[in-house]
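Please read them with the structure open.

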Amino acid sequence: MTSTENNSNGNGNGNSLKLYYWYTSFYSQRVLMALYEKRVPFKTRVVNLSAMEQYEPWFLRLNPRAEVPVLTDGVKVIPDSVRIVEYLEDNFSNGDFGQLTPKEKGSEESKKIQKYRDLLESLAISVITFGSATNPDFLDNPKPPFTPVVIKRLADFAKNRPTVIRDFAERTPEFREKLLEKAREVEEGSFKQVQSKKAVEKVLTELEGVLQTVEDELASHTDDQCEWWLCGAMLSIADIDLAILLNRLYQLGFECRYWAQGKRPHLEAYWERIQQRSSFKRATYFSANAVRLTMLRGALKGKKGLLASLTAAIGVAVVSYIVYRRVQKS
């Protein structure tokens, strides 16, 4: 598929929306939860990061930065999870759609939501994820999809990422300059951090401070506010950011370091509560159950022969059906 396949204008009811995403992508899960929470209908296309599909021309025409997620609304192309969620909130907050920010933009609740959005979005998620993979001593009890095999693959990719991007740049003349620019950005940014145990520890310590601020906020809620979310009675964009962050930390096995076993009781209670939210279940369920299928499909990609094609097709049909049924029941 190319970026011109959806060529109708957005109609305001969500029927023209299509999300390009990857199951275990932190930022993809953030957008998925927002879409489910807002009850906006949308279609999906998996961008198989395990098969490096983000560097293929069809996707680079959507987002030359080779990053998921990307949302299309007719001919509009919206990259970056922050921009996507804001686009959804600006265009799909009337009628039957859910709302993730107060209608009064200058209210105290609105200001608090923005404060926590800024705080949570400032965290270096790639360093937390890839840095933990390259420095597994930090990991305590990682859970699927972060199995030992996946952690090793993440570590290998983190070590070779600039080289991988440059290889694709040479193979894709149309996007050569953009990819070379991205390779330089990686080298000058997160690449060195994820290799350094000291740099990763620094980020994890900064995370400690952020979560303590969240704990203090949750602890400030009075008895009659016990059913509140982070910033008020409304489940907001800040809650989506926090929920997906906690999920990533839990999957990496950091819950004991940051909140479990009474370390931060209000955050622990929040984590237990947010897991029951339907939008959270649907946004994160795919990552643990469908990723194996797509990684298999990525491994088979490029292989010739009828048997490989049939195996991939049967696997896709069976597992997709199982995942679909389970998600619908959640």
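1. In which loop does Pro-145 lie? The model is a predicted one, and in it Pro-145 belongs to the loop between α5 (125–134) and α6 (148–171). The bond to look at there is the peptide bond from Pro-144 to Pro-145, which is cis, with omega near 10 degrees.

2. A cis bond is also found from Val-68 to Pro-69, with omega near 5 degrees. Pro-69 is placed in the loop between α2 (57–60) and β3 (70–73). Most peptide bonds are trans. Both sites may be worth a look on screen.

3. The loop between α2 and β3 also holds Ala-66. Ala-66 is not a glycine, yet its phi is positive, at about 60 degrees. Most residues other than glycine have a negative phi. Is Ala-66 buried or exposed? Its relative accessibility is 7%, so Ala-66 counts as buried, the cut-off being under 20%.

4. Gln-261 is another non-glycine residue with a positive phi, of about 55 degrees. Its place is the loop between α11 (255–258) and α12 (265–274). Gln-261 counts as exposed because its relative accessibility is 72%, and the cut-off for that class is over 50%.

5. Glu-208 is part of helix α9 (residues 197–219). Which residues does Glu-208 contact, leaving aside its neighbours within four places in sequence? They are Arg-257, Tyr-258, Lys-263 and Arg-264. With Arg-264, the side chain of Glu-208 makes a polar contact of 2.9 Å. Tyr-258 is 50 residues from Glu-208 in sequence, while the C-alpha to C-alpha separation of the pair is 6.8 Å.

6. Helix α9 also packs on helix α10 (residues 237–252), at an angle of about 130 degrees and with the axes 13 Å apart. The crossing of α9 and α10 is left-handed. On the α9 side, Leu-207, Leu-211 and Val-214 take part, and they meet Leu-242, Leu-245, Leu-246 and Leu-249 of α10. By class, the residues of this contact are seven nonpolar, no polar and no charged. An α-helix has 3.6 residues a turn, so residues three or four places apart point the same way.

7. How are α5 and α10 oriented to each other? Their packing angle is about 10 degrees, and their axes are 11 Å apart. The pair is therefore roughly parallel. From α5 the contact uses Ile-125, Ile-128, Thr-129 and Ser-132, and from α10 it uses Leu-245, Arg-248, Leu-249 and Leu-252. These residues divide into five nonpolar, two polar and one charged.

8. In helix α3 (residues 81–91), the buried residues are Ser-81, Ile-84, Val-85, Tyr-87, Leu-88 and Glu-89. Which elements do the buried residues of α3 pack against? The partners are β1 (17–21), α1 (26–38), β3, β4 (76–79) and α10. At the N-terminal end, α3 is capped by Asp-80, with a side-chain oxygen 3.1 Å from the backbone nitrogen of Val-82.

Key
Residues are numbered from 1 along each chain as its sequence is written. This is a predicted model: local features need pLDDT of at least 70, side-chain atom pairs count only at pLDDT 80 or more; totals for chains, interfaces and linings use all residues. Side-chain values use heavy atoms; hydrogens and water are left out. Helices (H or I, at least four residues) and strands (E, at least two) are DSSP runs, numbered from the N terminus. Contact means heavy atoms within 4.5 Å. A polar contact is a pair of N or O atoms within 3.5 Å; within protein, one must be able to donate a hydrogen and the other to accept it, and residues adjacent in sequence count only if both atoms are side-chain atoms. Axes are lines fitted to C-alpha atoms, for helices over the stretch in contact, and angles run from 0 to 180 degrees between N-to-C directions. A crossing is left-handed if the near helix is turned anticlockwise from the far one by less than a right angle, and right-handed if clockwise. Ala, Val, Leu, Ile, Met, Phe, Trp, Tyr, Cys and Pro count as nonpolar, Asp, Glu, Lys and Arg as charged, and the others, Gly among them, as polar. Buried means under 20% relative accessible area, exposed over 50%, partly exposed in between (1.4 Å probe, protein chains only). Angles under 35 degrees count as roughly parallel, over 145 as roughly antiparallel, 65 to 115 as roughly perpendicular and the rest as oblique.
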